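Please look over the sequence and the structure shown below before reading on. The paragraphs that follow lead from the boundary between the chains to the inside of each chain.

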Amino acid sequence: MKYWREPLDLKDIRVPHGVIHILKERCKGCGWCIEYCPRDVLAPSDEINTKGYHPPHVVQADACVSCGLCELLCPEFAIYVEETEGEVVLYER
Amino acid sequence: MGIEMQGYRLDKTMEQHEEAEGWVDEIHGTHPMDDLLRTDRLPHIWCPGCGLGTALTCFLSALRKSKFDLDKVVVVSGIGCTGRVAGYVRLDSFHTTHGRAIPFATGLKLGNPALKVVVFSGDGDLVTIGGNHFIHAARRNMDITVICVNNFNYGMTGGQAGATTPVGGVTSTSPYGNYEYPFNVSALAAASGAVYVARWTVLHARRLERSIHEALLKPGFSLVEIISPCPTGFGRRHKQREGLDTLHYYHEHGVIKHGADPRETDIGLSGALVEGKFVDLDKPTFLEQRSRRLAQALEK
């Protein structure tokens with residue numbers, strides 16, 4: 001994301017980074033996490049679990065900002081985010 | 001020797017397969033919600049695309065935020081898909097007869113006023129079969145939190161029309177469209193005297209979580225109506241084959257109006273789906289009123 005000027009509080013803002021864990025055997029492939037991830041971190045995979053559904057997989061692991069929306073929306077308790085030490089750079093100078 | 005199919009032997013149970021393949025941890029217990037769930041019962045019976053799991057996640061996360069003593073929290077459910085919630089939470093829970101979740105909850109609250117009683121049930125259970133209990137608990141301002149998941153039909157029994165099915169709604173018992181006027185659950189509660197009334201779809205999960213949190217902390221009869229997709233019973237007859245299609249519908253038609261007049265929030269098959277916090281007022285609860293009246297009577 002590029003802005004016409006550098007935000008004044010750029011140095012103070014720390015955008016957290018998250019690591020996504022997917023419990024594939026619980027997934028029923030509803031696709032809500034893929035659709036509503038604001039950073040498009042997830043995508044459908046070709047993998048099939050024992051129930052015959054396609055669980056999502058992580059395609060842009062660096063982009064996750066640990067918002068936790070996938071964890072809250074998932075009806076199967078099959079995905080969760082763990083916040084890590086790292087940072088996500090949202091603004092390019 | 002059992003029949004073998006893609007590596008799975010039919011004479012072995014799923015549990016034996018899970019253990020042999022080392023999936024036990026993956027299925028039972030690493031998710032942050034797992035300490036509040038009876039994970040041995042997962043995966044739950046709800047269809048793919050159903051919003052009940054999301055509603056339950058929002059409730060558990062709100063419950064955790066509210067920092068109640070979990071030994072004092074009781075979840076009461078009636079019958080139906082939503083009624084299964086009582087069987088999935090690792091709390092004291094009560095799975096009651098059809099429509100009678102609120103009478104059982106009232107009994108629990110009056111028997112032990114220190115408990116925090118939450119009724120988690122569906123529209124068919126709470127307002128169709130248990131409609132009279134619902135309005136009378138609201139009238140008495142009984143100190144319980146009611147979470148009503150509304151999916152506009154009787155999902156578990158095969159998608160029959162209920163008291164919340166919108167006019168024109170096609171269900172298995174109204175194949176040419178429903179011609180009865182539906183109940184508006186939020187308006188019904190507000191008119192009966194509830195002190196907290198909010199309505200959210202499962203798509204607005206953050207706001208729903210905050211609303212449940214507020215409702216749990218509110219003394220008196222609080223209602224959170226959750227609009228949830230039912231792709232199997234209702235959605236597939238309304239061009240919403242998947243749960244995701246219904247969420248797109250909520251995204252397009254949801255209108256957030258805090259403090260809206262509940263009488264103007266009827267839900268139709270199309271048009272705006274008004275949601276938000278409609279009622280938030282302070283009123284003495286049933287137990288407060290009773291002890292006040294008792295003190296007055298003893299003074300005389």
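With which residue does A:R26 form a salt bridge? The partner of A:R26 is B:D34, and the closest N and O atoms of the two are 3.1 Å apart; a salt bridge here is a side-chain nitrogen of Lys or Arg within 4 Å of a carboxyl oxygen of Asp or Glu. This is a predicted model, in which local features need pLDDT of at least 70 and side-chain atom pairs count only at pLDDT 80 or more, while totals for chains, interfaces and linings use all residues. Residues are numbered from 1 along each chain as its sequence is written, chains are lettered from A and ligands numbered from 1 in the order in which they are written, and side-chain values use heavy atoms, with hydrogens and water left out.

On the side of chain A that touches chain B, at least two residues each come from α1 (32-36), α2 (69-73) and β4 (79-87) of chain A, helices (H or I, at least four residues) and strands (E, at least two) being DSSP runs numbered from the N terminus. The largest share of that side, four residues, is supplied by α2(A). Sorted by class, the side of chain A that touches chain B holds 15 nonpolar, three polar and eight charged residues, where Ala, Val, Leu, Ile, Met, Phe, Trp, Tyr, Cys and Pro count as nonpolar, Asp, Glu, Lys and Arg as charged, and the others, Gly among them, as polar.

The size of an interface is often given as the accessible area lost when the parts come together. Chain A and chain B bury about 2600 Å² between them, with 64% of it on carbon and sulfur atoms; buried area is the accessible area (1.4 Å probe) that two parts lose on being put together, summed over both. Of the area that chain A buries against chain B, A:W32, A:L72 and A:F77 supply 29%, more than any other three residues. Counted by contact (heavy atoms within 4.5 Å), 26 residues of chain A meet 41 residues of chain B.

Chain A itself has two helices and four strands, and from the N terminus on its elements run β-α-β-β-α-β. Its C-alpha atoms fill a box of roughly 50 × 20 × 20 Å, taken along the principal axes. Of the 93 residues of chain A, 46% count as buried, a class that means under 20% relative accessible area, with exposed being over 50% and partly exposed in between (1.4 Å probe, protein chains only).

Chain B is divided into domain 1 (10-40) and domain 2 (44-299), with bounds that come from an automatic or database domain assignment. The C-alpha centres of these two domains of chain B lie 31 Å apart, and the area buried between them is about 940 Å², of which carbon and sulfur atoms give 54%. In domain 1 of chain B, the residues that lose the most area to domain 2 are B:M33, B:L36 and B:R38, together 73% of what that side buries. One salt bridge crosses this interface. B:R64 forms a salt bridge with B:D35, the closest N and O atoms being 2.6 Å apart. Because B:R64 lies in helix α3 (residues 52-66) of chain B and B:D35 in the loop between α2 (24-27) and α3, the pair ties together parts that are 29 residues apart in sequence.

Another salt bridge of chain B joins B:D143 and B:K109, whose closest N and O atoms are 3.7 Å apart. This pair links distant parts of the chain, 34 residues apart, with B:D143 in the loop between α7 (131-140) and β6 of chain B and B:K109 in helix α5 (residues 101-111). B:D143 is buried, with a relative accessible area of 17%, and B:K109 is buried as well, at 5%.

Finally, B:T164 has its place in the loop between β6 (145-150) and α8 (185-192) of chain B. B:T164 counts as buried because its relative accessibility is 3%, and its side chain makes a polar contact with the side chain of B:D123 (2.4 Å).

Notes
A polar contact is a pair of N or O atoms within 3.5 Å; within protein, one must be able to donate a hydrogen and the other to accept it, and residues adjacent in sequence count only if both atoms are side-chain atoms.
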